Amino acid sequence: MFTTSDGFALDLFSVQDAEGGPFGDAARAMRLKQTLLRIVRGEAVPRALFAKRPAKSRASAFTVPSKVSFDNEASHTATVIEVRGRDRVGFLYDVSTALFESGLTISSAMIATYGERVVDVFYVRDGYGHKIVLQDRLDAIEEMLLRAVEGKLNVE
């Protein structure tokens with residue numbers, strides 16, 4: 001993710017199908033493009049689209065502990081949050097929604113999936129552009145992120 005000097009964000013994504021393969025045919029790629037455009041225009045809600053998709057049966061067979069950790073030493077300008085959990089449709093959406101609902105701005109993110117495991121790292125700042133240092137605030141963010149990781153976020 002890159003943010004330009006005038007505040008626009010540029011995100012680059014590598015997209016795979018549900019089985020981890022490439023989007024090989026043009027019709028599927030076009031359906032994905034149309035869905036993304038509907039979301040951007042506000043004509044579709046991601047959570048509703050995710051609810052229509054069946055859960056990944058292979059990934060759901062694994063038990064992956066959910067974990068959220070904070071590091072205020074790794075960066076001079078941001079709090080680093082590492083989020084771990086079991087991969088599922090809507091995982092990143094739920095986590096980024098939880099960060100937004102917590103009043104945080106993502107300045108950088110590294111998103112990774114290893115089989116059934118997700119390890120996402122976010123560099124975040126509060127609404128004033130500062131690190132999050134108060135323990136009560138960190139605890140509240142952790143609680144919301146754990147609910148998001150487990151698919152139990154209720155914000156809409």
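Strands here are DSSP runs of E with at least two residues, helices are runs of H or I with at least four, and both are numbered from the N terminus. Two strands count as paired if DSSP finds at least two bridges between them.

A quick word on where this comes from. This is a predicted model, so local features need pLDDT of at least 70, side-chain atom pairs count only at pLDDT 80 or more, and totals for chains, interfaces and linings use all residues. Residues are numbered from 1 along each chain as its sequence is written, and side-chain values use heavy atoms, with hydrogens and water left out.

How confident is the predictor? The score is pLDDT, the predictor's confidence in each residue, from 0 to 100. The chain averages 85, and 87% of the residues score at least 70. Confidence is lowest in helix α3 (residues 57-60), with a mean of 56, and highest in β3, at 97.

Now the overall layout. There are five helices and six strands in the chain, and along the sequence they read β-β-α-α-α-β-β-α-β-β-α.

Let's go to the sheet. Four strands make an open sheet in the order β3-β4-β6-β5, with antiparallel pairing. β3 (67-71) and β5 (105-114) are at the edges with a single partner strand each, so one side of each has no neighbour in the sheet. On average, neighbouring strands of this sheet are turned by 15° against each other, direction ignored. For angles, axes are lines fitted to C-alpha atoms, for helices over the stretch in contact, and values run from 0 to 180 degrees between N-to-C directions.

Let me walk across it. β3 and β4 are joined in the antiparallel sense by five bridges, and K67 has R84 in β4 as its bridge partner. Then β5 and β6 run antiparallel with nine bridges between them. Here S108 has Y123 of β6 as its bridge partner, and Y114 has R117. β5 and β6 form a hairpin with two residues between them, and G115 in that turn has a positive phi of about 65°.

What lies across the sheet? Helix α4 lies across β4, β5 and β6, at about 25° to β6. Helix α5 lies across β3 and β4, at about 145° to β3. After α4 comes G103, and its phi is positive too, near 80°.

So what is packed inside? Buried means under 20% relative accessible area, exposed means over 50%, and partly exposed is in between, with a 1.4 Å probe and protein chains only. By that cut-off, 28% of the 156 residues of the chain are buried. In α4, the buried residues are F91, D94, V95, T97, A98 and L99.

A nonpolar core is a set of buried Ala, Val, Leu, Ile, Met, Phe, Trp, Tyr and Cys residues joined through side-chain atoms within 4.5 Å. The largest one has 19 residues, and I81, V83, V95, L99, L104, V124 and L145 have the most contacts inside it. Two or more residues each come from β4 (79-86), α4 (91-101), β6 (117-125) and α5 (135-149). α5 gives the most, with six residues.

Two residues are worth a look on screen. Contact, by the way, means heavy atoms within 4.5 Å. Not counting residues up to four places away in sequence, V83 touches K67, F91, V95, V118, V119, D120, F122, L145 and V149. F122, in strand β6, is buried, with a relative accessible area of 2%. Beyond its neighbours within four places in sequence, F122 has contacts that include I81, V83, L92, V95, L99 and I106. The C-alpha atoms of F122 and A78 are 9.1 Å apart, although 44 residues separate them along the chain.

And for contrast, is L36 buried or partly exposed? L36 belongs to helix α1 (residues 26-40), and at 47% relative accessibility it counts as partly exposed.
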